Amino acid sequence: MTQSNGILARFRCGFESFQLDVDLQLPGQGITALFGHSGGGKTTLLRCMAGLQKAEGYLSVNGDCWQDDHHRLPVHQRPLAYVFQETSLFPHLSVQRNLTYGYQRIPADQRQIDFGQAVDWLGLSNLLNRMPEKLSGGERQRVAIARALLTSPRLLLMDEPLSALDRKSKQDILPYLETLHQTLDIPMVYVSHAAPEVARLADHVVMMDNGRVIAEGPLQETLARTDQPFALEEDAGVIVNAVIGERDTRWHLCRADFEGGSLWVREEPQLESGRPVRLQVLARDISIALAPNHEQSIQNLLPARVEQVATDQSPGTTLVRLQSGDTPFLARLTSRAAHQLQLVPDMDVWLQIKTVAIVD
Ligand SMILES: Nc1ncnc2c1ncn2[C@@H]1O[C@H](COP(=O)(O)OP(=O)(O)OP(=O)(O)O)[C@@H](O)[C@H]1O
């Protein structure tokens with residue numbers, strides 16, 4: 001990655017009982033998720049990027065240097081926007097005036113995002129005359145995100161923007177974030193605790209623990225590594241990028257085609273042919289067979305090749321990394337089953353997939 005098309009972030013700073021020490025090269029567009037347990041240093045890293053936390057180091061964003069050994073741009077000169085968990089809209093201003101507040105401070109010829117566009121992307125047209133106290137938590141967060149975008153940032157930092165919302169509001173707001181993900185070319189760094197959120201939104205993931213980066217890389221590849229902390233989680237699994245192909249209306253199924261094969265998923269009205277989708281296949285939902293068994297109830301059977309057989313953290317289970325076409329999969333089996341199948345790298349097998357979830 002060259003300096004001009006990515007984020008280079010190197011920071012060291014410390015508090016009494018915590019040291020942050022990171023050296024990252026992140027993509028210059030799309031969503032990078034900072035993921036990990038509480039206290040790992042995710043917010044501190046975001047604050048360093050924003051210039052809110054003093055740290056030694058270096059930061060450049062798509063070719064613009066914001067900090068090096070000789071100078072450090074103060075917070076207000078960094079062209080970024082920061083969305084927090086708890087939104088602070090101006091309580092005495094309507095949604096419209098909250099939005100125009102930052103927008104009008106940007107000279108017209110420097111605006112990257114149009115007022116109408118932001119209102120549209122975040123679905124705010126019916127809320128413009130409301131006062132913040134009359135908004136739900138999810139609506140407030142949508143206004144906060146639109147307000148952030150209207151300052152035409154070169155970097156959007158989001159610190160657990162959904163964590164204060166209930167489950168329903170989270171579900172409601174995620175499609176808006178997906179729209180931004182598909183539409184914007186501003187890089188977003190998104191802090192989250194929640195694995196499903198990361199799986200749904202991120203292109204790139206950084207896992208932090210105790211102030212260090214313990215795993216990092218493109219989402220699909222990183223989730224499929226057996227030696228990474230993601231693999232240790234109960235809901236370890238992979239994300240498969242697919243496109244909806246044929247629909248089988250009789251059985252209410254849709255075929256999702258990916259690099260190397262197809263998976264059948266339950267039909268839903270929004271799954272029209274040609275629509276790109278992200279599928280999540282959990283390691284615990286895959287079993288391995290040596291021959292294709294068409295006589296069982298499982299719809300999804302894929303040929304695959306074993307790449308790696310790894311001892312799992314939990315006793316009695318084995319984690320197997322496989323490849324079907326160019327797409328990686330992870331399967332979690334009992335160690336006895338792995339032994340009986342005599343799984344070794346390069347062996348050809350069949351994956352029996354019990355459940356496929358659509359996350360996008
Ligand atoms: N201003 C501060 N002074 C002293 N310690 C701090 C300060 N800010 C953060 N810390 C400590 O630094 C560590 C990392 O905190 P940070 O908020 O970055 O973690 P996090 O991964 O974002 O956690 P969470 O997911 O709970 O938000 C924690 O141990 C925290 O107590």
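Me: How far apart are the centres of domain 1 and domain 2, taken over C-alpha atoms?
Reply: This is a predicted model, where local features need pLDDT of at least 70, side-chain atom pairs count only at pLDDT 80 or more, and totals for chains, interfaces and linings use all residues. Residues are numbered from 1 along each chain as its sequence is written. The protein chain has domain 1 (3–223) and domain 2 (237–358), with bounds from an automatic or database domain assignment. Between their centres, over C-alpha atoms, the separation is 33 Å.

Me: Which helix gives the largest share of the side of domain 1 that touches domain 2?
Reply: Contact here means C-beta atoms, placed from the backbone, within 7 Å, and helices are DSSP runs (H or I, at least four residues), numbered from the N terminus. On that side, α6 (195–201) and α7 (219–223) each supply at least two residues. The largest share, three residues, comes from α7.

Me: Why do the buried residues of α2 line one face of the helix?
Reply: In α2 (residues 95–103), the buried ones are Val95, Asn98, Leu99 and Tyr103; buried means 20 or more other C-beta atoms, placed from the backbone, within 10 Å of a residue's own. An α-helix has 3.6 residues a turn, so residues three or four places apart point the same way. Seen down the axis of α2, the buried residues line one face because the directions from the axis to their C-beta atoms fall within an arc of 130°.

Me: Which helices do those buried residues of α2 pack against?
Reply: There are two names to look for in the structure. The buried residues of α2 pack against α3 (115–121) and α4 (137–149).

Notes: A residue is buried if 20 or more other C-beta atoms lie within 10 Å of its own, exposed if 12 or fewer, and partly exposed in between; C-beta atoms are placed from the backbone. Two residues are in contact if their C-beta atoms, placed from the backbone, lie within 7 Å.
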